[in-house]
Amino acid sequence: MCPRCSTYDLGSRNKLSVFFFSGNYFGQPSADASPRDGTNSVSMVYLDNLVQGLGRALSAEAAAGQTYFFADEKPYLWQDIFYAMGRAMNVEVRPRHLPKSIAALCNLLDRGLGALGYYHLLVHVAGEATRDMGCSIDKARDELGYLPTVTLDKGMKEAVDWAQNQGWL
């Protein structure tokens, strides 16, 4: 079993796309929204790193029935992710912080929508904005030899370049 972290990769419209493309609501690309105060942790994985980890797990008999987290080497602070996005996009990061009460309200709304069979990405992301969601890759590294090779800055740059070439940014 391999629970998935948030990915930053070519072609994915995942949680990060909320922040990559949030500026489109205001007419310009930006990297300026930040959950809580930006100091809560989150694990991220670039697609190439995830593929490497899954390949190692599928190749190791001892991995059968085990749980591994495949992510970048260490969890990031949200603010570090936003600054990496800003560097990749060549924009100034102007942090805006989401009040904890709004995140709690969005979490309730997300649960209610889910109970009705609906999902809204912005509500979901805002609802988990105050959580620490970092995980350790120690078990995958120790048992499978997993070692992520694509750094956050390199992965963000590749994702931004790809999105720009697709006309998304």
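**View 1. The accessible surface of the whole protein.** In this predicted model, the accessible surface comes to about 9200 Å², of which 56% belongs to carbon and sulfur atoms; such areas come from the Shrake-Rupley method with a 1.4 Å probe, and for residues only the protein chains shown count as cover. Of the 169 residues, 42% count as buried, where buried means under 20% relative accessible area (1.4 Å probe, protein chains only). Local features need pLDDT of at least 70 and side-chain atom pairs count only at pLDDT 80 or more, while totals for chains, interfaces and linings use all residues. Residues are numbered from 1 along each chain as its sequence is written, and side-chain values use heavy atoms, with hydrogens and water left out.

**View 2. Helices and strands.** The protein has seven helices and six strands, taken as DSSP runs (helices H or I, at least four residues; strands E, at least two) and numbered from the N terminus. Along the sequence they follow the pattern β-α-β-β-β-α-β-α-β-α-α-α-α.

**View 3. The nonpolar cores.** A nonpolar core is a set of buried Ala, Val, Leu, Ile, Met, Phe, Trp, Tyr and Cys residues joined through side-chain atoms within 4.5 Å. The largest one has 14 residues, and I81, L152 and M156 have the most contacts inside it. Helices α3 (78-89) and α7 (152-165) each give two or more residues to this core, with α3 giving the most, seven residues. A second, separate core of twelve residues includes V45, F70, A71 and I137.

**View 4. The surroundings of C106.** C106, in helix α4 (residues 100-115), counts as buried because its relative accessibility is 15%. Not counting residues up to four places away in sequence, C106 touches V123, A126 and G127, a contact being heavy atoms within 4.5 Å. C106 and A126 are 20 residues apart in sequence and 6.0 Å apart in space, C-alpha to C-alpha.

Technical notes. Buried means under 20% relative accessible area, exposed over 50%, partly exposed in between (1.4 Å probe, protein chains only).
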